[in-house]
Amino acid sequence: MAHGSTSAARHPHEPQPRFRVTREGLRASLWFWPSCASLAAVLLTLLLMQVRPGDDVAWAQWIWPTGVDAASSLLQTVATSVMTAATVTFSLTVVALQLASQQFSPRLLREFARDARTQAVLGVLLGTFLVSITGLHGMDANRPVPVLVVGMVYVLGIASGIVLLLFIGHIARSLRVDTMMLNAHQDCLAVLRDTYPVSETGEVQEFDLPGGGTLVPGGRSGIIQRIDRRPLMKVLQDRGLAVRIMVQPGDHVTVGSPVARVWADDGGPVPLGAVQKSLAEALDIGYERTPEQDAALGLRQLTDIAVKAISPSINDPITAAHATGYCADLLVDLQRRRLGPEAHRDDDGVLRLVTTGRDYRYFLDLVCGPVRRFAHSEPIVLTAVLRLLRDCAATAVNDAQREEIRRQSSLVLETARNEMVVADDEEIRDMGRRVEEALAGNLEAAFTDRAGETRSV
């Protein structure tokens, strides 16, 4: 994806990229919080350096009973050891990033960078190192020992050893594919609950806006990461405008492609420049998808894991089947949420903004499409996709959802290759029959089996 690497190549109407600090951006930064912790540790060290009690002070003798030379040796040893531990930590993190990218999905790398435990370990190690070398700089053979600094280094040295052991155990758990799938599932579930309101009927809203209108071209290229409607709503209310945003988080846009349609209340001309400026403030555009408002990203990550698992280089259909199981839980949750567009009104109750939303078919296509296409000759995975559809059929809350489930089931059955042996083909057809039974409300026939073979792999 090219976003204009030089100013000469930039579109003439494209605004310069804005520097915007967001909570999600800071959380996904592997360096920010460790740097903050290190800076705080250095400032605390400089303050404690001023505390130099004499040799006759009892509490100082309890903290550090020997002289400057022994304190300097301690600080040197801790600084050297902690730097070695930090090197091991960075190495393990890089290995984890490489493995996650190659074996599972490149879209999982951001999750490792967002890992609060990894950032905490790096903060402790880097802070301990900086406290040690700062304390060494303040050592003076002609002055009393800054015992509080030495005591802090002693405690931080022990803490560094503990967090290193904990980190090794944490990274070992993180590299398990089941842990990655669970994290992707939990993060996606949290975004779904924040993005889509609960609806027992699974309604999809529609809002009537006047015909025509003026298309608003995008000012930048990239991926929509977040939509902040507050600056846009103020402009719309002040100027008497209504806007339908045609893009949403996760969409890719290019300079000049339409991102919105705008109408004036009085039918007059639209101040396109003001609308473009407010849209530029409302739309966060970056070079990668972020989970802040993108409910489809978690499902994409799980689908990536499934597709990677059934590739010839990995050849792990069981992992693919497990990934579809996590997707099934998310799709079932989506069935009882209000999908589609959302309306936003001003203080007077006038409809000013309609944002685009995804529907149930989109999410089903997102999961089932890639998996069935790559697993066209693998009955374990095709059966897992049909199992997902059976679970969704059992909890569907409206006819539109049932129709989409039936459509996906027929596509899976069409995908199965003719050269499959009879037993495998019968197993797939049987699961397709169970999907139909669940759609008809006959759950006993849909889920009853001989030995649990339709629930496990």
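Reply: Aspartate 266 sits in the loop that runs between strand E5 (258–264) and helix H10 (272–282); helices (H or I, at least four residues) and strands (E, at least two) are DSSP runs numbered from the N terminus. Bear in mind that this is a predicted model, where local features need pLDDT of at least 70, side-chain atom pairs count only at pLDDT 80 or more, and totals for chains, interfaces and linings use all residues. Residues are numbered from 1 along each chain as its sequence is written, and side-chain values use heavy atoms, with hydrogens and water left out.

Aspartate 266 counts as exposed because its relative accessibility is 68% (exposed is over 50%, buried under 20%, partly exposed in between, with a 1.4 Å probe and protein chains only). Its side chain reaches the backbone nitrogen of glycine 268 at 2.9 Å. Glycine 240 is 26 residues away along the chain, yet the C-alpha atoms of aspartate 266 and glycine 240 are separated by 7.9 Å.

Serine 278 has a relative accessible area of 6%, so it is buried. Setting aside neighbours within four places in sequence, serine 278 is in contact with Leu232 and Val235 (contact means heavy atoms within 4.5 Å).

E5 belongs to an open sheet of 5 strands with mixed pairing, in the order E1-E5-E3-E8-E7 (two strands pair if DSSP finds at least two bridges between them). Strand E1 (214–217) and strand E7 (342–345) are at the edges with a single partner strand each, so one side of each has no neighbour in the sheet. Ignoring direction, neighbouring strands here are turned by 25° against each other on average; axes are lines fitted to C-alpha atoms, for helices over the stretch in contact, and angles run from 0 to 180 degrees between N-to-C directions.

At the E7 end, 4 bridges join E7 to strand E8 (residues 351–355), and the two run antiparallel. Alanine 343 stands opposite valine 354 in E8. Helix H9 (residues 230–239) packs on this sheet too, touching strand E3 (241–245), E7 and E8, with its direction at about 145° to that of E8. As for H10, this helix lies across E1, E3 and E5 and runs at about 45° to E1.

Strand E2 (residues 222–227) pairs with E4 in the antiparallel sense over 2 bridges, and isoleucine 223 stands opposite histidine 252 in E4.

Note on methods. A polar contact is a pair of N or O atoms within 3.5 Å; within protein, one must be able to donate a hydrogen and the other to accept it, and residues adjacent in sequence count only if both atoms are side-chain atoms.
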